[in-house]
Amino acid sequence: MSQTDLHDQADSMVYIVDDDPSVRASLQDLLASVGLASLAFGSAREFIDAERPDVPACLILDVRMPGLSGLDFQQEMARLNILLPTVFITAHGDIPMSVKAMKAGALEFLTKPFREQDLLDAITQGLARDQERRKAAASVDALKRRHETLTDGEREVMELVVSGLLNKQVAARLGLSEVTVKVRRGSLMRKMNADSLATLVKMSEKLKVVNR
Amino acid sequence: MRRTQLTLRLMLLLGLALGIAAIDTVTDLEIAVGVFQIAVVLIAVRILPARAVAGVAVICMALTIVSYRLTRFGDTEAGLINMLISLAAIAGTTYLALRLSAAVRTVHQTRAHLAHIARINMLGELAASIAHEVNQPLAAVATSGGACLRWMATEPPNLPKARQAVERIIADTHRASDIIARLRGMARHQAPTKQWLNVADTVNAALRLMAGELNEQNITLRVQVQDGLPPMLADEVQIQQVILNLAMNAVDAMRQVDVDQRTLQFQVTLESPQQLLFAVSDQGSGLSASERERVFDAFYSTKPDGMGMGLAISRSIIEAHDGRIWVASHSPSGSTFHFTLPAVTGEPNEPN
C-alpha cells in the first residue's frame, strides 16, 4: 500500500487496485496533479484488509489480476457490504466482460491505455455519488438513533398513528385513555423531530426500508 | 527403397501363408492348422491397404480349401467341419481387423485436426497475453504523460513533479521494449523437435486437413511429389503448419477466381542432392512487387481480416530448419510460394 502526501487532510479518497506497480504509480501521480488523495494496493486482498478512512471514496480496479480477479472482487465487496462506486480498467477489455461489470454496478469501464480525462471524469462522478450515498445513509442513521430514544409505549403509538388511525382509535386499540395517547404522541413527535404527521409517516417509511 | 521393402514383406507374408497351408496339408484332417492363417491377415492389416488385405484373406481361404483337398489322412467329416471353422475364423478376423484399422485411422486424423486447431487457439492466446503485457507499460506511459501536462499547467508549474513523471515515462518505455525483446528471444529459442519424415506422407497428412475447405470452394488440388524422395529431418507439426498456411493462403487468394480455374498445385522435387524444393501455386490475382517484398513481415497482410502472422511464422519455421522461403508471381495470374528443406540422401540412422 502506498499513499500520496495529500492523504492526511484529505476530504475524499480514491483507492487504486492494480497489480502493476508502474500503473499504480502513474495513476497516483495523475490524481495528485488534480489534488486528489489516493491509496494504492497491489491486490484485492490488501485492499480488503486495509483500514480505510471514513470519507467519500471511489475505487479504480484492474479487471485482470492474479489471485482474486476484478469481477470476483466486485462480488466479494458486495458480500462484505463495501459500497464504493467502481471504475474498471482493463488491458484487454472485451464486450462480455464490460457488460458483466456494468450489470454488477460499475461506474465506468475503461480500456488501457485510456484517456486520462475519461478517468478523471468518472472519478469525479464516483466521488459525488459516494458523497450522496453517505449523506443519505447518515440521515437514516440519525433517524434510527432518534427512534431508539422512544419508549416502548411511544413506539406503539407511533406505529398506529402512521398507519392512519385517529387518537381515539389508537386509545381503544391499546386500551389507554385518549389523554395518555395525546401525551405520548406529543412527546414522540418532539423526540423524532417531526413537525407534522406527514413527516412522521415519511420517517417511518425510511426506517422500514433500513430494517427490512 | 520403400518399394523393395514392401515387396520383401509381401514375399514373407506369402511364405508364411504357404507354410501354414503346407503344415495343414501334412497333418491329419482333425488338426485345424488352417486357422493360423489369421496371423497372416493380422500382419497384412498393419502393412497393406484395406483392399489388399481383403485379397490376402481370400488367398488364405483358398489355400485352406486346397490343403483340405490335398490332405490324405484323417476323418473327412471332421476335416470338413474344421475347414469351415478355419474359413469363418479368417473371414471374421479380416472383417474385425479392417474395421479396427479404419477406426484407428479416423482417430489419427481427428487428433491431427485437433492439434491444428489447438495451435491456432494458442496463437490467439499468445496474441492476447502479449497485448496485455505490452498494454500495462503503455497505460502507465499515457497516464504519466497526462499527469506531467497537468503538473506543468499549474501556476507556477511544478517542474520537479513533471520531471518525475517524464522519468517514469522513460522507464516504462524501456520496460515495454524489454517485454518485446523477451518475446523475440522466446520465439528464437524454441527449437523444433526433429524426426525423420516421409515427404509424401507429411504433405498428404497436412493437405488432408484442407479437404473440406477445398471441396467447399470447388478447388482442384494437384499434388505432385517426385518419386523416390529421401526422407527429411524436420518437425512434423511445424512443417505441416507451414504447408497449411501456404495452402490456406492459396485458397483465400482464389475466392474471386472463376470456379473452373481454381487450381491449387502442390509440388515437391529434389532440387539438388542436398535440397528438397516445395512449391505451392494458386490462380489468384498474384502479388505486386511491393507486396512480394513485405508478405513475410509480421502483421503485414493483403487480406482484409488477416492477422499478418501466417507467413511470418512460416518463415521463422523454415529458417529454423535451415531452409529458405520466397514467393514468385507469374503472369498472367497467380503466385507460387517456394520453400526448401535440407534433404538427407543416404541411409538415415534411425528410420521412422
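Student: Where does Asn193(A) lie, and what marks the phi of this residue?

Tutor: In this predicted model, Asn193(A) belongs to the loop between α8 and α9 (197-211) of chain A. The phi of Asn193(A) is near 60 degrees, which is a positive value in a residue other than glycine.

Student: Which peptide bonds are cis, one in chain A and one in chain B?

Tutor: In chain A, the bond from Lys112(A) to Pro113(A) is cis, its omega being near -10 degrees. Pro113(A) sits in the loop between β6 (108-111) and α5 (116-148) of chain A. In chain B, the bond from Glu155(B) to Pro156(B) is cis, with omega near 0 degrees. Pro156(B) is placed in the loop between α4 (76-153) and α5 of chain B.

Student: How is the packing of α6(A) against α8(A) to be described: roughly parallel or roughly perpendicular?

Tutor: Helix α6 (residues 152-162) and helix α8 (residues 178-192) of chain A pack at an angle of about 90 degrees, and their axes are 9 Å apart. Angles of 65 to 115 degrees count as roughly perpendicular, and therefore α6(A) is roughly perpendicular to α8(A).

Student: Which residues of α6(A) and α8(A) meet?

Tutor: From α6(A), Gly153(A), Glu154(A), Val157(A), Met158(A) and Val161(A) take part. Their counterparts in α8(A) include Val181(A), Arg184(A), Leu188(A) and Met192(A). By class, the contact has 6 nonpolar, 2 polar and 4 charged residues.

Student: What makes the link between Asp29(A) and Arg168(B) a salt bridge?

Tutor: The rule requires a side-chain nitrogen of Lys or Arg within 4 Å of a carboxyl oxygen of Asp or Glu. The closest N and O atoms of Asp29(A) and Arg168(B) are 3.0 Å apart, so the pair meets the rule. This pair crosses between chains, from helix α1 (residues 21-33) of chain A to helix α5 (residues 159-189) of chain B. By the same cut-off of 4 Å, Arg175(B) and Asp20(A) also form a salt bridge, at 2.5 Å from N to O.

Student: How many salt bridges join chain A and chain B, and what else describes the contact?

Tutor: The count between chain A and chain B is 3 salt bridges, while the count over all chains is 13. The contact takes 23 residues from chain A and 19 residues from chain B. The area buried between the chains is about 1800 Å², with carbon and sulfur atoms giving 53%.

Student: How do you know that β2(B) and β4(B) count as paired?

Tutor: Pairing needs at least two bridges. β2(B) and β4(B) share 6 bridges, so they pair, and they do so in the parallel sense. Val223(B) has Phe266(B) in β4(B) as its bridge partner.

Student: What makes the pairing of the sheet in chain B mixed?

Tutor: The order of its 5 strands is β2-β4-β5-β7-β6, and the sheet is open. β2(B) and β4(B) are parallel, whereas β4(B) and β5(B) are antiparallel, with 7 bridges. β6(B) and β7(B) also run antiparallel, joined by 5 bridges.

Student: What makes β2 and β6 of chain B edge strands?

Tutor: β2 (220-225) and β6 (325-329) of chain B each pair on one side only. Neighbouring strands of the sheet are turned by 20 degrees against each other on average, direction ignored.

Key
Residues numbered from 1 in each chain as written. Chains lettered and ligands numbered in written order. Predicted model: local features only at pLDDT ≥ 70, side-chain atom pairs only at ≥ 80, totals over all residues. Heavy atoms only, no water. Axes fitted to C-alpha atoms, helices over the stretch in contact; angles between N-to-C directions. Helix = DSSP H or I, 4+ residues; strand = E, 2+ residues; numbered from the N terminus. Parallel < 35°, antiparallel > 145°, perpendicular 65-115°, else oblique. Contact = heavy atoms within 4.5 Å. Nonpolar A, V, L, I, M, F, W, Y, C, P; charged D, E, K, R; others polar. Buried area = accessible area lost by both parts, 1.4 Å probe.
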